[in-house]
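Student: I should like to learn how to read the features of a protein model, one at a time. Where should we begin?

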Amino acid sequence: SRVAPAPTFFGPRTSAMPRRMRHGRAVVVTVFALGAVAFCGAPRGGRFSAQGRTAVCAEPDLTSEAWKESVSAVVAGIEGSSEEDAQQWLQAGFAWTPKSRRFWRKLRLEAQPQPEAVSETVRWLKEKDLARKDWVKKFPEVLGLAAEELSSGQKTAPSYLKSEVAYNKAIRSNPQLLGKNYDCLAEHESCQGQCSRCWNT
């Protein structure tokens, strides 16, 4: 008896493809598209093209007065910084970059900086002798944290960092510790998905 030729799965002839496989490929394309949208966040000036499967993320209005004043506050207060540095750091501090969105998660998305709040944060960093380019560039998200939040973060630190000396030494050597303000094991005894802010990660 003659053996029927195997169907061709490549090229434009998708009719010969088994229904299950065609469905599977559609699911993969759909998941890819949704992932692109989630990666860029909610579209604010951004757009998504299903045909080209490309996503364009929104960009901040760097010409607004709020951005200009915030940039000026950073340049004036952070030793060795330039306007370009300040713009990049503020975009991280207010969740405009993919990397910073992993830190902020649901807490913030494409927010606008408030010059007064940014100035207060810069002053807080000066008091801790952290207002330096080499330190801030390691954790630019700090510019999006309010001074009050930075001060209260120490209260949530592990016992070995409770003293002022130990805490200050730790944040100088590891800037990202300033973003910690939560202990999932102490409050819930299990992970709550806030790993970027949790002392146990």
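Tutor: We begin with contact, which means heavy atoms within 4.5 Å. Please keep in mind throughout that this is a predicted model.

Student: In which element does serine 70 lie, and is serine 70 buried or exposed?

Tutor: Serine 70 belongs to helix α2, which covers residues 65–77. Buried means under 20% relative accessible area. Serine 70 has a relative accessibility of 0%, so it counts as buried.

Student: How far can the coordinates be trusted in each part of the chain?

Tutor: Where pLDDT is low, the predicted coordinates should not be read in detail. The mean pLDDT of the protein chain is 75, and 64% of its residues reach 70 or more. Among the elements of the chain, helix α5 has the highest mean pLDDT, 97, whereas strand β1 (residues 47–49) has the lowest, 37. Over residues 7–56 the pLDDT is below 50, and this stretch has 43 contacts in the model beyond near neighbours in sequence.

Student: Let us then turn to α5. What span should its 13 residues have?

Tutor: Helix α5 runs over residues 115–127, and at 1.5 Å a residue it should span 18 Å. Its end C-alpha atoms are 19 Å apart, which agrees with that expectation. After α5 comes aspartate 129, whose phi is positive, near 60 degrees.

Student: Which residues touch the most other members of the largest nonpolar core?

Tutor: That core has 35 residues, and Leu125, Val142, Leu143 and Leu178 touch the most other members. The elements giving two or more residues to the core are α2, α3, α4 (98–104), α5, α6, α7 and α8 (164–173). Leucine 125 shows the detail: not counting residues up to four places away in sequence, it touches Ile78, Leu130, Ala131, Trp135, Val136, Val142, Leu143 and Leu178.

Student: How many salt bridges does the structure hold?

Tutor: To read a salt bridge, one looks for a side-chain nitrogen of Lys or Arg within 4 Å of a carboxyl oxygen of Asp or Glu. The structure holds 4 salt bridges. One of them joins glutamate 141 to lysine 99, with the closest N and O atoms 3.9 Å apart. Glutamate 141 lies in the loop between α6 and α7 and lysine 99 in helix α4, so the pair ties together parts that are 42 residues apart in sequence. Glutamate 141 is buried, at 3% relative accessible area, while lysine 99 is partly exposed, at 49%.

Terms used. Residues numbered from 1 in each chain as written. Predicted model: local features only at pLDDT ≥ 70, side-chain atom pairs only at ≥ 80, totals over all residues. Heavy atoms only, no water. Helix = DSSP H or I, 4+ residues; strand = E, 2+ residues; numbered from the N terminus. Buried < 20%, exposed > 50% of the residue type's maximum accessible area, 1.4 Å probe, protein only. Expected span 1.5 Å × (residues − 1). pLDDT = per-residue confidence, 0-100. Core = buried A, V, L, I, M, F, W, Y, C linked by side-chain atoms within 4.5 Å.
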